[in-house]
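I opened a notebook page for this one and jotted things down as I looked them up. The sequence and structure come first, then my entries.

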Amino acid sequence: MGLGGKTQDYYSLGESVATAGAGAASALSTLRVGCNRIQLVDAEAVGSLSMLLSAETCRLASLDLGGNELGDEGALKLADMVVSNRSLQQLDVTSNGLRS
């Protein structure tokens with residue numbers, strides 16, 4: 001857990017943002033959504049994660065997406081999302097079927 005931050009485990013990206021509400025970006029320091037078959041090819045998953053990571057108030061320091069089904073296409077979308085994020089320090093994408 002980050003300093004003064006909040007750690008939360010969720011079963012989907014949409015659930016994580018919906019549950020945390022509008023303050024999700026500033027409330028979470030760690031988000032674990034590993035082993036949930038997330039592919040980042042559907043609009044809800046991409047939109048939820050993009051909204052969280054692109055917020056100016058984002059304090060997310062650790063994002064666990066390990067054990068999902070990102071594949072190369074999802075990994076490229078994720079790379080586009082995190083390129084401008086200033087808070088993320090740890091990103092787990094192990095066991096996601098990445099080939100390149």
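This is a predicted model: local features need pLDDT of at least 70, side-chain atom pairs count only at pLDDT 80 or more; totals for chains, interfaces and linings use all residues.

**Entry 1: strand pairing**

How many bridges join β2 to strand β3, and do they run parallel or antiparallel? I found three bridges between β2 and β3 (residues 62-64), and the two strands run parallel. For the record, two strands pair if DSSP finds at least two bridges between them. I also looked up the partner of L31, and in β3 it is L63. Between the two strands the chain passes through α3, and this β-α-β crossover is right-handed. My note on handedness: with the strands pointing away from the viewer, a right-handed path from the first strand over the helix to the second runs clockwise.

**Entry 2: ground rules**

Residues are numbered from 1 along each chain as its sequence is written, and side-chain values use heavy atoms, with hydrogens and water left out.

**Entry 3: the layout**

I listed the elements from the N terminus and got β-α-α-β-α-β-α-β. That is four helices and four strands, taken as DSSP runs (helices H or I, at least four residues; strands E, at least two) and numbered from the N terminus.

**Entry 4: inside and outside**

I checked burial over the 100 residues, and 37% count as buried. My cut-offs on relative accessible area are buried under 20%, exposed over 50%, and partly exposed in between (1.4 Å probe, protein chains only). The protein exposes about 5700 Å², and carbon and sulfur atoms supply 50% of that. The areas come from the Shrake-Rupley method with a 1.4 Å probe; for residues, only the protein chains shown count as cover.

Then I went back to β2: four of its five residues are buried, so the strand is largely enclosed by the rest of the structure.

**Entry 5: the core**

Which residues have the most contacts inside the largest nonpolar core? I got L31, L40, L49, L60, L63, L65 and L78, in a core of 18 residues. The elements that give two or more residues to this core are β2, α3 and α4 (71-82). Its largest share, four residues, comes from α3. A nonpolar core here is a set of buried Ala, Val, Leu, Ile, Met, Phe, Trp, Tyr and Cys residues joined through side-chain atoms within 4.5 Å.

Most residues other than glycine have a negative phi, so I went looking for exceptions. R37 has a positive phi of about 60°, and L40 has one of about 55°. R37 is in the loop between β2 (28-32) and α3 (43-54), and L40 lies in the loop between β2 and α3 too. Is each one buried or exposed? R37 is exposed at 66% relative accessibility, while L40 is buried at 0%.

**Entry 6: salt bridges**

I searched the whole structure and got two salt bridges, each being a side-chain nitrogen of Lys or Arg within 4 Å of a carboxyl oxygen of Asp or Glu.

One joins R99 to D72, with the closest N and O atoms 3.2 Å apart. This pair links distant parts of the chain, 27 residues apart: R99 is in the segment after β4 (90-92) and D72 is in helix α4. R99 is exposed at 74%, but D72 counts as buried at 18%.

K77 pairs with E73, and there the closest N and O atoms are 3.7 Å apart. K77 and E73 are separated by about one helical turn, because they sit four residues apart in helix α4. I have K77 as partly exposed at 28% and E73 as partly exposed at 49%.

**Entry 7: two C-alpha distances**

S100 lies in the segment after β4 and is exposed at 84%. S100 and D72 are 28 residues apart in sequence, yet I get 6.9 Å from C-alpha to C-alpha.

D80 lies in helix α4 and is exposed at 61%.
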